[in-house]
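Open the model in your viewer and keep the selection panel at hand.

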Amino acid sequence: MYLPSIVKCLKEYNRATFLKDLGAGVTVGVVALPLAMAFAIAVGCTEVTPSMGLVTAVVAGFMISLFSGSKFQIGGPTGAFVVLIAGVVGSFGMSGLILCTLLAGIFLILFGAFGLGSLIKFVPYPVTTGFTSGIAVTIFCTQVKDILGLTIPGSVPADFLPKWQCYFQHIGTVNPWAVGLTLGTVAVILLTKRFFPRAPFMLVGMLVATAVCQIFSLPVETIGSRFGELPTGLPAPSLPVIDWSHLTELVKPAFIIALLAAVESLLSASVADGMTGSRHHPNTELVGQGIGNICSALFGGLPATGAIARTATNIRSGGKTPVSGLIHAVTLLLILVLVGSYATMVPLAALAAILAIVCYNMAEMGTFMHLLRGPRQDALVLCATFALTVLVDLVVAVEVGVVLAAMLFIGRMAQISNVESISKEISGEDPEEQPSRSRYLRHVPDNVEIFDVQGPFFFGAVEQFKDMVFKTLEHDIEYVLLRLRLVPALDATGMHVLEDFLDYCQHHGITLLLCGVQPQPLDVINHDKPFISGLHTENICENIDTALERIAQLEKEAHAGDIA
């Protein structure tokens, strides 16, 4: 049943809890202010203004906290979407982005409604690390112009290599004031974090840089000089203009946005669980994320998801319930209304410095290097996803990364699957059989062949079964026993191979028996009526002893029939 966390929390709510939520909410709201603007500017399109980042943090942040499945989740714009937003805006404009965000919200609600919350976590870790590190590099590359204060006529190319070619072509236009302001902002942020860890260090860095820029009239670009005046309130909600000719083209990026939002929000909720000992409801969380993105689109905002850093800040600041997330959104709205006009004074070099620090943290270089030194197959997935994110496209990177990881996983599962003849081992004829195992020995007639099947019996492992069983089975064998006690799963391809093997046995006058079948494979077998009819349920035995007894019974019946 869908039940947001706030419903349960409000049943036991009191004044002391509210005061803790109030302090945490105001703190997170202040922390989120520079990040919301910075992530919007990081898109690199003049159509995406800093106010859109603030609108997203206010609207989506409020709705995500209201409908979330986590008590501590703080929603808003994050770096994960920057690359996708730039691609969608470049191809379809702002109307296309709003429609894409709306579709992503619908996908997220469907994910939650169909109970996919527990499945999203199966996106391979090398894939998430690869595209996260790739996004960090891509975002940093978009900020080089503002970090160096380059004068570049027109727009900077979107692709990685042409972008850097453009930077090198205009390297002679470096603005030393912008470089100095960037370095100074980084220094203020790091020093504030070091000596005043409870202070909103990103905001402190932005305010100090803005004050220096205004006091000394530094010749650097500001939010106002690039984007003009910012609104001091929320826009009126409206439905997006739907261009039906582009709708099908927007489905893929919308699905990827929804997938990234699901992964990041559930990861953020899991981090919150680890910090507090609580438990989030993943499907409820996805529905809440979907509602937040739909509302963001209606107000002209950007895609949103759970933000790990802001959620952690909420917890460290004493937040106890989703009310702190609601207060965080209200705090941002009040800042937008009361002092939004002053945001035009903020130098872009200061926001670029903030994003540079965010990118450094986002890149997770320690984790990246650890995975790079790990299994070669995981390193391949990591490098492929990272390279495709940076050089090609995030959508392609996720698709290729997931498919490549799945193929390598199938190969690993096929490697641990095994089929071997154990007739001699069980009868004690194997010279390598240890005397200590003599109590497990059974009498196996010469006309019986026993095969031990181990590991998942699926499409990636059936060739080994065919090579071992079909090609090595001797023609004087009258009974074949497949021991399946170590087969945890059976898929349609594996079932089809069993059907073919049963036909093979019947064609050669061999009786097939199964033993030790686990629940999932047994359920698949029982649903295959033609197979059960040809095999006979009596020939599915509980263990190897009952199977050998069944063979002895069949031998006795056959012998009695010959005498008659």
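**Largest pocket**

The lining of the largest pocket is made up of 26 nonpolar, 13 polar and nine charged residues; Ala, Val, Leu, Ile, Met, Phe, Trp, Tyr, Cys and Pro count as nonpolar, Asp, Glu, Lys and Arg as charged, and the others, Gly among them, as polar. This is a predicted model, where local features need pLDDT of at least 70, side-chain atom pairs count only at pLDDT 80 or more, and totals for chains, interfaces and linings use all residues. Residues are numbered from 1 along each chain as its sequence is written, and side-chain values use heavy atoms, without hydrogens and water.

The pocket holds about 1,600 Å³ of space. A pocket here is an open set of points on a 1 Å grid over the protein atoms alone, where a 1.4 Å probe fits, with protein on both sides within 12 Å along at least five of seven lines; lining residues have an atom within 4 Å of a point. The volume is the space filled by probe spheres set on the points, which are joined across faces, edges and corners.

Select Ala-307, Ile-308, Ala-309, Arg-310 and Ala-312, the closest to the centre among 48 lining residues. Next, colour α10 (244–276), which gives the most to this lining, nine residues. Helices are DSSP runs (H or I, at least four residues), numbered from the N terminus.

**Second largest pocket**

Move to Val-43, Gly-44, Val-156, Ala-158 and Lys-163, which lie nearest the centre of the second largest pocket, lined by 35 residues. Its volume is about 880 Å³.

**Confidence**

Finally, colour by pLDDT, the predictor's confidence in each residue from 0 to 100. The chain averages 88, but residues 430–439 are below 50.

Notes
Helices (H or I, at least four residues) and strands (E, at least two) are DSSP runs, numbered from the N terminus. Contact means heavy atoms within 4.5 Å.
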